[in-house]
Amino acid sequence: MKQKTLFDKIWDSHVVHDIENGPQALYIDRHFIHEVTSPQAFAGLRSRGIGVFRPEQTVATADHNVPTINQHLPIKDALSRHQVETLTKNCEEFGIELYGLGHPYQGIVHVIGPELGITRPGMTIVCGDSHTSTHGAFGNIAFGIGTSEVEQVLATQCILQKKPKSMKIEVNGPLKNGVLSKDIVLYIISKLTTSGCTGHFVEFCGSTIESLSMEARMTICNMSIEMGARGGMIAPDETTFAYIKGREFAPEGEEWERQLAYWQTLKTDEGAEFDTSYAFDAEDIEPMITYGTNPGMGVGVTRPVPAVNGKEDAMLTKSLAYMGLEGGKNLLGHKIDYVFIGSCTNSRIEDLRMVADLVRGKKKADHVHALIIPGSRQVEAQAREEGLDKILGEAGFELRQPGCSACLGMNEDKVPKGKYCVSTSNRNFEGRQGPGARTMLASPLTAAAAALTGEITDVRTMLN
Amino acid sequence: MEKFKTLTSTCVPMPFQDVDTDQIIPARFLKATTREGFGDNLFCDWRFDENGEPKSDFVLNDPTYQGQVLVAGRNFGCGSSREHAAWAISDYGFRVVVSSFFADIFKNNALNNGLLPVQVSEEFLQQLFDAIGKDPETEVTVNLEEEEISIPSAGVSESFEINAYKKYCLQNGYDDIDFLISKKDEIESFEKERTI
Ligand code: SF4
């Protein structure tokens with residue numbers, strides 16, 4: 001029998017129907033929905049006069065467009081309130097479980113799926129959000145879809161897709177001190193560019209990847225979409241199984257044993273071929289920072305921003321003008337105004353612990369606004385239980401309530417025009433954090449270091 | 001969904017690379033719960049200044065360039081999966097986007113909404129930009145049946161690829177949900193037979 005990649009194994013076992021010269025109908029195990037990309041899908045169902053085919057396989061939360069303070073009060077912005085209320089009504093009408101505002105399980109959709117044990121190896125998972133790729137850290141096929149596709153899944157629990165090509169990205173060797181998985185992924189994107197993996201589904205592997213915690217693996221898979229990939233995945237191993245075990249919706253007893261036996265088969269066969277492969281050395285990676293207006297425009301924090309050479313650099317010129325930065329210059333010491341620690345990339349308990357460790361007993365720079373938005377109610381509760389809220393509060397960081405927040409600036413958490421924000425989120429597009437906002441993507445450590453000094457800082461100088 | 005056969009139109013050129021969906025429709029406009037009306041905010045931050053006044057240097061505000069075909073640089077539609085981007089482009093009145101490369105999710109979203117993404121070579125794209133630059137009245141013809149795009153005045157054409165199934169859907173105004181619903185029996189037997 002032909003050797004298969006992990007991706008092939010999962011994909012092939014979910015194909016319901018093959019259209020000649022066309023896409024395949026893929027069965028979807030888990031579907032997550034949120035308030036922003038689902039209302040038009042429900043409206044579509046209504047106009048077709050049909051219901052949700054398998055409501056128990058869809059889970060909803062409110063995250064993209066919710067306030068991060070006073071979540072117990074009615075949402076002030078009328079449009080946002082209407083959108084969140086529409087989700088509640090739709091879930092009631094169609095029989096879908098909703099972890100809405102105030103629910104102890106509420107949070108960013110890609111944070112709650114894993115932490116509740118809903119996300120598991122071997123599954124197909126979709127959500128109307130591109131960072132659905134996050135879930136791939138558990139060894140499943142997870143990808144973002146558009147609203148018409150949300151409607152397809154609600155109506156039939158299937159989606160029509162063309163099978164993507166396969167790519168292997170290997171990272172080997174020990175990580176240097178102060179270098180996090182966020183740096184790994186920003187480094188890879190800076191090498192492969194934002195369209196480098198288009199049309200592909202990526203499997204990340206190698207000793208560096210295997211050594212990472214689940215939280216750190218999620219950060220990498222989360223940003224696989226920023227390389228243009230359809231999604232990213234990491235083969236499940238003992239770290240994965242240990243993370244899932246005992247979580248709210250994780251299988252138990254005999255069912256656990258049965259599923260575990262299956263999960264243990266989920267790896268790429270020796271000799272299986274990928275359409276494209278890349279390999280990187282962990283020792284080449286230093287803490288990263290972005291200088292431009294897409295996530296591929298990143299450099300090691302001690303290195304200069306690329307210099308503009310000639311006409312073909314129109315994109316670079318445009319980006320640097322937007323960012324108010326000069327080509328060829330080093331970013332260390334560049335003054336910043338905001339620090340945003342949050343988003344589905346870096347808002348998990350491990351991220352908050354790392355930040356708290358670094359800032360314990362210190363104070364943020366006076367001119368910096370430092371926001372920490374936990375990924376979920378559970379992360380928030382855990383942070384309080386561990387006393388992180390005190391450490392962060394004393395250092396001048398504001399710990400808020402969960403949601404997407406300034407990652408996309410849909411609610412009132414925006415970065416003002418022209419201000420610099422070191423952000424642990426995943427996108428530094430023009431205006432992403434608010435019209436005119438200047439985003440610099442970095443790891444939670446690099447972001448926290450910038451909050452303390454008020455400027456771009458090499459966090460390694462602050463670590464022992 | 002509206003049927004698509006052939007289209008001949010003048011073009012609106014946007015020669016930037018990596019146009020992401022946050023530019024096409026910024027997140028603050030995603031609060032709507034219907035599909036209509038997004039065209040008003042298409043490319044909002046490039047199109048209007050802080051006071052909501054049209055910026056004269058942006059192509060959509062330049063009456064010289066009109067038409068149902070948007071011509072853009074490489075890697076169009078990257079970033080967020082928001083289908084609102086495809087709705088905004090359609091709602092504004094475009095029926096075709098021409099680029100040398102499209103981001104995956106955008107391409108699917110466009111096709112699901114009767115907006116045809118036509119992927120051409122870098123050379124063809126450059127020829128098209130040049131032709132429009134010389135004469136804003138330059139027309140292109142997009143023939144879905146023949147899978148061909150041409151610039152009649154320049155006498156050049158190129159074929160483009162489209163998946164046979166998607167082509168059938170576009171030509172007939174038929175969508176994926178209609179198709180999947182017709183396969184309900186297969187879906188149910190798949191569910192019964194699976195062991196994991
Ligand atoms: S945190 Fe940001 S990237 Fe993640 S789901 Fe929310 S908006 Fe999308």
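In the predicted model, the axes of helices α2 (residues 39-48) and α3 (residues 78-94) of chain A come within 10 Å and cross at roughly 40°. Axes are lines fitted to C-alpha atoms, for helices over the stretch in contact, with angles from 0 to 180 degrees between N-to-C directions. A:Pro39, A:Phe42, A:Leu45 and A:Arg46 of α2(A) meet A:Thr86, A:Asn90, A:Glu93 and A:Phe94 of α3(A) (heavy atoms within 4.5 Å). Helices (H or I, at least four residues) and strands (E, at least two) are DSSP runs, numbered from the N terminus.

Chain B holds an open, mixed sheet of seven strands, ordered β4-β3-β2-β1-β5-β6-β7. Its edge strands are β4 (116-119) and β7 (156-159). Pairing requires at least two DSSP bridges between two strands. Strands β1 (residues 6-14) and β5 (residues 139-143) of chain B run antiparallel, joined by five bridges. B:Thr6 has B:Asn143 as its bridge partner in β5(B).

Helix α6 (residues 164-172) of chain B has buried residues, among them B:Tyr165, B:Cys169 and B:Leu170 (under 20% relative accessible area, 1.4 Å probe, protein chains only). The buried residues of α6(B) pack against β8 (158-161) of chain A and against α4 (104-111), β4 and α7 (176-181) of chain B. At the helix start, a side-chain oxygen of B:Asn163 reaches to within 2.9 Å of the backbone nitrogen of B:Tyr165. Just after α6(B), B:Gly173 takes a positive phi of about 60°.

Residues are numbered from 1 along each chain as written, and chains are lettered from A and ligands numbered from 1 in written order. Local features need pLDDT of at least 70 and side-chain atom pairs 80 or more, while totals for chains, interfaces and linings use all residues; side-chain values use heavy atoms, without hydrogens and water.

Technical notes: Buried < 20%, exposed > 50% of the residue type's maximum accessible area, 1.4 Å probe, protein only. Polar contact = N/O pair within 3.5 Å; in protein donor to acceptor, adjacent residues only side chain to side chain.
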